[in-house]
Amino acid sequence: MFIHLPTATLITLLAALSVLVIVMLIVCLVLLQRTRKLHHQCEVERGTDALTGLWNRTRFMELAERQVNYVQRTGRSAAVLLIDLDECKKINHSYGHVAGDMAVRLISQAARDTVRDYDLLGRYSGEEIVVLLPDTTLEGAQAVAKRFREKLGAQKVTTTENKTFGVTVSVGIAALRCETDTLEDMLVGADAALVTAKAQGRDRVVAQGG
């Protein structure tokens with residue numbers, strides 16, 4: 001049995017149904033946008049070091065390899081800084097591991113405040129920070145390292161017990177030297193330079209081949 005409704009009633013029902021469909025579509029779009037935003041946030045958080053807020057080593061390597069490949073294809077320059085906190089074990093022993101974490105955060109923030117927006121920073125290991133500097137020569141990277149150490153030298157760590165201490169770092173620097181060099185080549189060169197800097201004593205900067 002069919003129920004015959006007045007035309008006006010049918011039009012009203014169809015209009016209400018249309019509004020309902022539009023509202024549902026809007027809700028679906030909003031939920032989709034929020035889902036994408038949460039997914040992006042989760043992806044970022046998975047690639048971020050919890051202590052410093054910098055990229056973790058895995059994510060840094062992914063992004064840095066892309067950047068190095070790009071500058072190689074376009075015939076541009078790039079350099080890497082490996083920054084290592086001096087006497088980390090002594091800091092942990094004298095002030096506690098929380099203070100050691102604070103020291104790592106301090107050098108991370110000083111590095112972030114020194115470099116450009118498009119430079120890449122990551123936590124390379126426990127007390128090492130790595131920085132990729134696109135469009136930067138070896139000499140340019142040395143200038144960046146100097147500015148960084150000056151900024152760091154003006155800051156101190158204050159522990160939860162209100163004890164204050166300064167921190168120093170050793171820095172190894174390397175740059176692309178030929179068109180076949182890779183990110184790994186630069187990191188090996190920077191690590192060798194860092195070993196040399198450490199051997200020469202605390203708070204040193206050594207460039208590749210220096």
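Rings of Phe, Tyr and Trp, the last taken by its six-membered ring, pair if their centres lie within 6.5 Å. By this rule, the structure, which is a predicted model, holds 1 aromatic pair. The partners are Y95 and F165. Y95 sits in helix 3 (residues 88-95), whereas F165 belongs to strand 5. The pair therefore ties together parts that are 70 residues apart in sequence. The two rings can also be described by their cover. Y95 is partly exposed, with a relative accessible area of 31%. F165 counts as buried, at 6% relative accessibility.

Charged pairs come next. Side chains of opposite charge can pair when their charged atoms come close. The count comes to 6 salt bridges. One of them joins the side chains of R76 and D135, at 2.7 Å from N to O. R76 lies in the loop between helix 2 and strand 1, and D135 in the loop between strand 3 and helix 5, so the pair ties together parts that are 59 residues apart in sequence. R76 is partly exposed, at a relative accessible area of 31%. D135 is also partly exposed, at 34%. The backbone of D135 deserves a remark. Its phi is positive, about 55 degrees, although D135 is not a glycine. The loop that holds D135 runs between strand 3 (128-134) and helix 5 (138-153).

Another salt bridge links K198 and D84, again described from N to O, at 2.7 Å. K198 lies in helix 6 (residues 183-200) and D84 in strand 1, 114 residues apart. K198 is partly exposed, with a relative accessible area of 32%. D84, in contrast, counts as buried at 10% relative accessibility.

K198 also forms a salt bridge with D86, the closest N and O atoms being 2.8 Å apart. This pair links distant parts of the chain: D86 is in the loop between strand 1 and helix 3, and K198 is in helix 6, 112 residues apart. D86 is buried, with a relative accessible area of 4%. Through shared partners, salt bridges join D84, D86 and K198 into one network.

A polar contact of 2.8 Å joins the side chains of T168 and D86. T168 lies in the loop between strand 5 (164-165) and strand 6 (169-175). T168 counts as buried, at 17% relative accessibility. Leaving out residues up to four places away in sequence, T168 touches D84, L85, D86, R202 and D203.

Phi of E87 is near 55 degrees, a positive value in a residue other than glycine. E87 lies in the loop between strand 1 (78-85) and helix 3. E87 is partly exposed, with a relative accessible area of 37%.Helix 4 (residues 97-114) holds M102. M102 and K156 are 54 residues apart in sequence, yet their C-alpha atoms lie 9.9 Å apart in space. Beyond its neighbours within four places in sequence, M102 is in contact with V157, T158 and T159.

T52 is placed in the loop between helix 1 and helix 2 (57-73). T52 is buried, at a relative accessible area of 10%. Its side chain reaches the backbone nitrogen of L54 at 3.1 Å. Not counting residues up to four places away in sequence, T52 touches V104, S108, R112 and R123.

L20 is placed in helix 1 (residues 7-46). L20 is partly exposed, with a relative accessible area of 47%.

Methods. Residues are numbered from 1 along each chain as its sequence is written. This is a predicted model: local features need pLDDT of at least 70, side-chain atom pairs count only at pLDDT 80 or more; totals for chains, interfaces and linings use all residues. Side-chain values use heavy atoms; hydrogens and water are left out. Helices (H or I, at least four residues) and strands (E, at least two) are DSSP runs, numbered from the N terminus. Buried means under 20% relative accessible area, exposed over 50%, partly exposed in between (1.4 Å probe, protein chains only). A polar contact is a pair of N or O atoms within 3.5 Å; within protein, one must be able to donate a hydrogen and the other to accept it, and residues adjacent in sequence count only if both atoms are side-chain atoms. Contact means heavy atoms within 4.5 Å. Rings of Phe, Tyr and Trp (its six-membered ring) pair if their centres lie within 6.5 Å; planes under 30 degrees apart count as stacked, over 60 as edge-to-face and the rest as tilted. A salt bridge is a side-chain nitrogen of Lys or Arg within 4 Å of a carboxyl oxygen of Asp or Glu.
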